[in-house]
Amino acid sequence: MASNSFGTLFRITTWGESHGKAIGVVIDGCPAGLEVSEEDIQIELARRSPGKSIYTSPRKEEDKAEILSGVFDGKTTGAPISIVIFNKDFDSSKYEPIKHLLRPGHASYTYQEKYGLFDHRGGGRASARETACRVAAGAIAKKLLKHFGIEVVAFLSQVEKEIAEVEISNLSQIKESMLKSSIFCPDAKAEIAIMEKIASVKEEGDSLGGIVVFTSNLPLGLGDPIYEKLEAKLGAAMLSIPASKGFEIGSGFSSVFMKGSCHNDIFRHEEGRVVTKTNHAGGILAGISTGMPLIGRVVFKPTSSIKKPQETLNVNKEKELLTLPEGSRHDPCVAVRAVPVVEAMAALVLADAYLLNRNAKL
Ligand SMILES: Cc1cc2nc3c(=O)[nH]c(=O)nc-3n(C[C@H](O)[C@H](O)[C@H](O)COP(=O)(O)O)c2cc1C
């Protein structure tokens, strides 16, 4: 399973299983001299943590990050940064009664067939618990970006037909509005409607999907053409998040309804710099950032773990009914907790692209 590393210059490797002793991440390639503390990581982990509201899973992971290496006197040394998070609030016995079942929408079938075994305890390596490591690494990527004046923000934009109305270019406003939201939705009206939908689907023992939007005030010139296009890297990052099922940049799939005369973003000279009248490109042209706001969207499927009984097969391929054991914990809408993960993955791609861009020309 040689697929646990991500990035080129700013490179992460995550390790660990959901119900193992610990999970962690090693970050290689972070420049020396960046101020980093465990508190910086803790703030981001707290945002991803479950157990905060009825809209997320009740697992009360403490997610306490410890930096083991690569930071001295509060600053990165340039050496690999290792972060460990010990697993605490888990009960593997809950999975015993269903360990022989292929769980619809889960990793059990493909892992079992491909590797010949599956860690049924919370999904093992396939568990979204791994995303805590991405968020920890993303905290450092975000600090590096901030040093260069770049911010990255993600928010919950849509659940079913409820859509948040958001002024995308105002990053600080989005951040501030989200502080008050337990579901990372910056539009109070949409937030209430979405919370009602999630509460009602939870009551039914079912789940919902959702769309997460991310944006950044990127400078011009990040990303490389051909195979390393910025949107290609962002797409790979976003589609690697568990339960993500689609990615768009700018107008994305709605471009099918536009003509060229509408989709083309017209250049203008404004206050000493080139901007575009519209931003259908989502801030990227030919794989390179234009200096207009970066705008991407990621869609998440409805959570696979649901209380409703489901017909399935056992490992011997015989029909059985899957009913989750009493007290099983899951998110009624994974898109909510995916928000900090999307933000982290965007930050990792952009930090890498920023460092790579320093080699672009003399
Ligand atoms: C933050 C986060 C939390 C998640 N929590 C759950 C969960 O509680 N229950 C569940 O069935 N899936 C959850 N998932 C999704 C599964 O991990 C994922 O659907 C599964 O591993 C199969 O992978 P795939 O959907 O990418 O094909 C979560 C995903 C994310 C990003």
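A residue is called buried under 20% relative accessible area, exposed over 50%, and partly exposed in between, with a 1.4 Å probe and protein chains only. By this scale K197 is partly exposed, because its relative accessible area is 26%. The model under discussion is predicted: local features need pLDDT of at least 70, side-chain atom pairs count only at pLDDT 80 or more, and totals for chains, interfaces and linings use all residues. Residues are numbered from 1 along each chain as its sequence is written, and side-chain values use heavy atoms, with hydrogens and water left out.

K197 leads directly to the ionic pairs. A salt bridge is defined here as a side-chain nitrogen of Lys or Arg within 4 Å of a carboxyl oxygen of Asp or Glu, and the structure holds 19 of them. In one of these, K197 is paired with E162, and the closest N and O atoms are 3.8 Å apart. E162 belongs to strand β9 (residues 162-163) and K197 to helix α5 (residues 188-203), so this pair ties together parts that are 35 residues apart in sequence. Helices (H or I, at least four residues) and strands (E, at least two) are DSSP runs, numbered from the N terminus. E162 has a relative accessible area of 24% and is therefore partly exposed.

K99 and E96 form a pair whose closest N and O atoms are 3.1 Å apart. K99 is partly exposed, because its relative accessible area is 45%, and E96 is partly exposed at 40% relative accessibility. The side chains of K233 and E228 also meet in a salt bridge, at 2.9 Å from N to O. Here K233 counts as buried, because its relative accessibility is 18%, whereas E228 is partly exposed with a relative accessible area of 36%.

The ligand is the next point of interest. It is surrounded by 16 residues, of which the closest are H106, A243, K301, S305 and D331; a residue is taken to be near a molecule or strand if one of its heavy atoms lies within 4 Å of it. By class, this shell consists of six nonpolar, six polar and four charged residues. In that classification Ala, Val, Leu, Ile, Met, Phe, Trp, Tyr, Cys and Pro are nonpolar, Asp, Glu, Lys and Arg are charged, and the others, Gly among them, are polar.

Which side chains bring a polar atom to an oxygen atom of the ligand? For K301, a polar side-chain atom lies 2.7 Å from a ligand oxygen. In S305, an N or O atom of the side chain is 2.7 Å from an oxygen atom of the ligand. For H106, the corresponding distance from a polar side-chain atom to a ligand oxygen is 3.2 Å. The ligand on its own has 630 Å² of accessible area, and the protein covers 83% of this. Accessible areas come from the Shrake-Rupley method with a 1.4 Å probe, and for residues only the protein chains shown count as cover.

Polar contacts also occur within the protein. A polar contact is a pair of N or O atoms within 3.5 Å; within protein, one must be able to donate a hydrogen and the other to accept it, and residues adjacent in sequence count only if both atoms are side-chain atoms. D63 lies in the loop between α1 (38-48) and β4 (65-69). D63 counts as buried, because its relative accessibility is 1%, and its side chain is joined to that of R129 by a polar contact of 2.8 Å. S216 is located in strand β10 (residues 210-216). With a relative accessible area of 1%, S216 is therefore buried, and a polar atom of its side chain lies 2.8 Å from the backbone oxygen of E151.

At the surface, M1, Y115 and L117 form a nonpolar patch with about 320 Å² of accessible area together. Patches are made of residues with over 30% relative accessible area and no salt bridge, like charges being joined within 9 Å and nonpolar side chains (Val, Leu, Ile, Met, Phe, Trp, Tyr) within 5 Å. Y115 is part of helix α2 (residues 108-115) and counts as partly exposed, because its relative accessibility is 35%.
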